[in-house]
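Biologist: Can we go through the side chains in this one? I'd like to start with the rings.
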Amino acid sequence: MELARLLSLNRDTLPQAEEQYALLFEDDPNDPRVLLGLSAVFMQRQEHLKALALTRDFSVDQLEDASHLLEAVALLTNLGHACEARDIAMELVKRHQDELDLRLRIASLMLAWGDFYRSETILRGILAHPELDARIRRAALLQLGKTLLAAQRYEQADGVLQSLLLRDRRDREVWLALVRLRIEEKDFTGALRMLSDMNSSAASDPSEHHAAEALRLQAQAEFLSGDLEAALTIQEHVCVTYGNQPDDDLALARTLLRLERADRAVWILEALLARNPDDVEARFLWASLQPFVQSVVMQPAFLAALRRDVRSPQQLTRWAELYARAGAHAQAAACYEAALKLDPKYFPARLGLAETSASNRNYRHALNILAALIEDMPMTSKLLLTRARVLSWAQRYEDALAVYDALHLLQPEDPVPLREAARVAMWNKQIGRAETLYQTMQASKDLQEMLAETQSLSSLIHEPETSTALAELENELRRGRVSSGFALLEETFFRRREEFQSGLADRMERLLVDLRPTYRIQKAAQLEEQAKMLAWKRRFMSAQAANQELLDVQPGNQEALFDLAQAQCILGLHDHELNTIERLVHVDPLHNRAGAAMERIALRSRLGLRAGYGYWNEQSQGGSRLAAMERHHGELALELPLQTARYHLFAAQHFWTERPKSLADAREDYAGSYAAQGQTMGLRGVFSPWLRGNFSFTRKDYSKALLGKRDLGQAGLEVNLWDYARLGLEYERMEELANGFSLRQKVMSHVWRATASSSLTRRLDLGLVSEFKEMNDDNQGLSVRGDLGFLVTDHPRELKITLSGEHRDFQKNSSYTYLGANLEDITHPYWTPQNYYSGTVGLQWRHDLAELFFCGAGQHVYTLKLFVGTDSDGNPGVRMEGAYHFDFAKQWSLIAQGLIHRSRQWDAEGLWLGVGYRF
């Protein structure tokens with residue numbers, strides 16, 4: 001038995017180990033120790049089904065020795081049977097309260113199935129043990145750091161590791177753990193700085209293992225930060241110096257692929273596969289590079305062969321993970337399902353399928369899987385957290401918040417459920433609840449010990465600058481806060497450290513290390529709350545700046561990255577939006593919204609074609625004859641997005657038909673049908689967050705020579721004053737086509753328009769428009785309009801009330817020329833109100849039916865409007881409007897709008913239809 005165990009420790013002697021265990025198995029096929037050892041050999045050889053078959057007759061009740069039970073936990077964990085492993089582990093913890101090494105190992109194994117809270121409880125129990133030696137303390141703190149890191153409690157993990165480093169600054173293992181933490185936080189600059197500090201502080205003669213690991217981490221940080229050449233140089237050095245390890249070869253191949261040096265990458269991958277044909281990632285990369293089929297790994301035939309030929313749940317799960325990382329959620333799900341057909345209890349595939357289903361927005365399936373997992377493994381923190389996230393993505397916000405509340409009760413010191421609950425409350429528009437949760441994160445009840453130490457140091461230190469910082473920190477600690485006082489003290493201490501006696505310096509550093517996690521958590525909560533509230537109030541320029549500041553503190557904050565991208569999208573900075581979304585996808589390929597956002601960005605960056613038709617009909621009542629026109633407009637437009645759709649260059653071909661209406665007392669040749677065609681060229685775009693503009697020129701050519709050609713166009717600029725107000729200035733040259741007289745007289749107008757708008761609050765907005773018209777028939781007019789809107793209900797079902805007032809005044813009024821009883825001509829043949837006032841009350845209903853709610857997502861929305869009002873001419877009227885926008889079949893869009901207006905003096909109706917396609 002011992003010989004077999006020793007042979008199993010070396011991969012090269014696994015065949016001999018199998019032979020020895022086989023002999024033992026023949027002697028006693030029911031010996032659990034033999035079954036345990038032989039299963040472990042099969043697992044090392046990636047023969048999962050053979051190992052699984054042995055465990056069917058395996059009974060842990062036959063094992064009394066704690067070390068053998070621990071081996072059983074490790075085996076079941078490797079087999080992916082987390083539920084059985086968990087049950088044995090919990091029983092071992094209960095039985096062996098004082099066997100600290102055993103408890104330490106169990107706490108480590110619990111990370112495999114995400115039981116972070118229970119692992120943390122075990123480790124803190126070890127650290128509180130009265131007979132704890134230095135070795136166990138160090139190991140427990142290291143493992144606690146790993147546990148907190150796995151739970152994404154980065155600030156607290158950093159605090160644990162930094163406190164461990166204070167005990168021995170030469171401890172390279174702790175330094176490397178901190179570097180890994182920085183990489184997980186996506187703080188790649190911090191990781192490289194940490195490596196530099198390690199080289200200057202730690203022992204000068206590192207072991208080969210530590211030296212190689214430091215170089216690997218340096219290469220990883222360089223790669224992830226985008227310095228591919230630096231990463232390549234380091235990876236080549238590692239491969240030459242420490243031999244061709246599979247992971248090193250893969251890292252080198254990935255970097256070469258990113259540098260578009262595929263030939264060398266293929267050579268490395270082929271050599272790697274020759275040595276290890278079962279290396280899944282090498283095969284994935286190699287297959288994806290084959291020139292004879294585009295993306296061969298994505299082809300149905302390749303996937304079908306994979307599911308048929310691969311007989312290992314571990315390997316299928318690894319394929320699924322690689323597909324998921326590439327954004328191929330359907331292929332990932334297929335591989336997970338194939339793994340579960342081989343072994344329905346395989347935990348990594350069950351959880352992976354839930355996560356991939358959620359990423360693919362199949363929320364019901366994901367929640368069913370999670371419900372079954374939680375039933376098997378109740379109170380497992382990772383499963384509960386994943387369930388809360390999926391519920392929130394499915395917009396079951398109250399259910400999600402209930403799970404977050406349960407997590408907070410399980411572990412009040414964990415900031416992750418509070419942070420995510422605050423976000424979900426924001427998504428659910430429960431702003432007060434979100435503010436309460438953010439404020440809870442910005443105060444701590446467990447700072448009394450730190451307060452006592454701060455007071456003690458204040459009594460010993462009399463240097464003015466440090467004393468001031470300590471006094472401010474003391475005041476903050478009384479309120480449960482760690483903010484500006486901490487930042488001032490940290491800056492002062494590291495600047496003047498040499499002036500302190502060593503004992504005081506050590507105590508000051510210990511205080512800072514102990515307080516830094518709380519400071520970082522509170523600072524991030526403060527910045528995130530600020531960014532969220534600014535976006536809620538529609539202050540997107542300020543929200544963009546706040547999110548960028550938050551990302552300086554938390555580079556891997558996915559919520560801040562997505563919110564930043566949303567602010568950039570709303571501001572029209574689509575190239576910046578793309579960079580941010582790519583960064584988010586790099587942080588989390590399974591992000592619920594990032595993949596969809598990438599697809600939409602790619603789609604709207606393509607060439608677009610739009611066909612449209614517009615109809616307008618108006619008729620004056622009561623004999624004024626100023627409105628008597630029917631117009632038809634067909635359009636075929638081509639749009640070329642530039643710089644990721646931040647700018648748009650467009651061209652259009654137009655077809656017009658204008659039909660003045662017959663008037664009983666007008667000239668006989670007044671009516672008729674007039675056709676025209678023309679072209680438009682234009683450009684619009686966003687020059688900066690505060691400035692956007694547009695320009696277009698249209699040439700219109702009538703088929704009848706007497707009407708000739710018309711040059712039309714418009715240009716405009718809009719300035720964004722930090723979202724408190726938007727100011728615009730526009731110029732437009734347009735035709736006045738109210739009737740046949742204006743058409744024949746070729747009446748044109750030069751329009752200068754000034755606009756101002758402001759979201760006073762999220763629900764209250766104000767708009768002002770002032771317009772000056774200069775006509776080519778020696779007339780001019782001025783109009784001023786104001787709108788005050790109030791949002792009664794919020795998105796996605798918005799009910800809005802708008803009050804509008806308008807004043808118009810033209811210099812000259814219309815005059816009529818008669819020949820006998822017949823109307824011969826009209827001077828200024830368009831509406832020329834003088835000292836005219838009107839008021840309107842509007843009711844708007846907007847219902848967003850889209851599958852996803854974010855800026856840039858596919859739209860599916862309809863709007864209905866009703867306006868009633870009257871004016872100084874005693875002309876009460878009613879207007880109804882409707883609009884529908886549907887982006888369907890990914891590349892197609894449909895837009896429809898309609899209007900009906902009725903009043904005593906003027907009736908009108910209009911219809912506009914458009915269909916768009918992105919190539």
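Modeller: Fine. Keep in mind that this is a predicted model.

Biologist: How many aromatic pairs does a search of the whole structure find?

Modeller: The search finds 19 aromatic pairs. One of them joins Tyr-917 and Phe-919, whose ring centres are 5.1 Å apart.

Biologist: Why is the pair of Tyr-917 and Phe-919 edge-to-face?

Modeller: Because the planes of the two rings, Tyr-917 and Phe-919, stand at 90°, and planes over 60 degrees apart count as edge-to-face.

Biologist: Which cluster do ring pairs link them into?

Modeller: Ring pairs link Tyr-917 and Phe-919 with Tyr-884, Phe-886, Phe-888 and Trp-892.

Biologist: Switching to charges. Where does the charged end of Lys-700 sit?

Modeller: Over the ring of Trp-656, at 4.7 Å from the ring centre.

Biologist: And what about the charged end of Lys-704?

Modeller: That one sits over the ring of Tyr-674, with 4.5 Å to the centre.

Biologist: New topic, Thr-386. Which helix does Thr-386 lie in?

Modeller: Helix α23, which covers residues 381-393.

Biologist: Why does Thr-386 count as buried?

Modeller: Its relative accessibility is 8%, and buried means under 20%.

Biologist: What does Thr-386 touch, not counting residues up to four places away in sequence?

Modeller: With those neighbours left out, Thr-386 touches Glu-355 and Leu-370.

Notes:
Residues numbered from 1 in each chain as written. Predicted model: local features only at pLDDT ≥ 70, side-chain atom pairs only at ≥ 80, totals over all residues. Heavy atoms only, no water. Phe/Tyr/Trp six-rings, centres within 6.5 Å; stacked < 30°, edge-to-face > 60°. Lys NZ or Arg CZ within 6 Å of the ring centre and 35° of its normal. Helix = DSSP H or I, 4+ residues; strand = E, 2+ residues; numbered from the N terminus. Buried < 20%, exposed > 50% of the residue type's maximum accessible area, 1.4 Å probe, protein only. Contact = heavy atoms within 4.5 Å.
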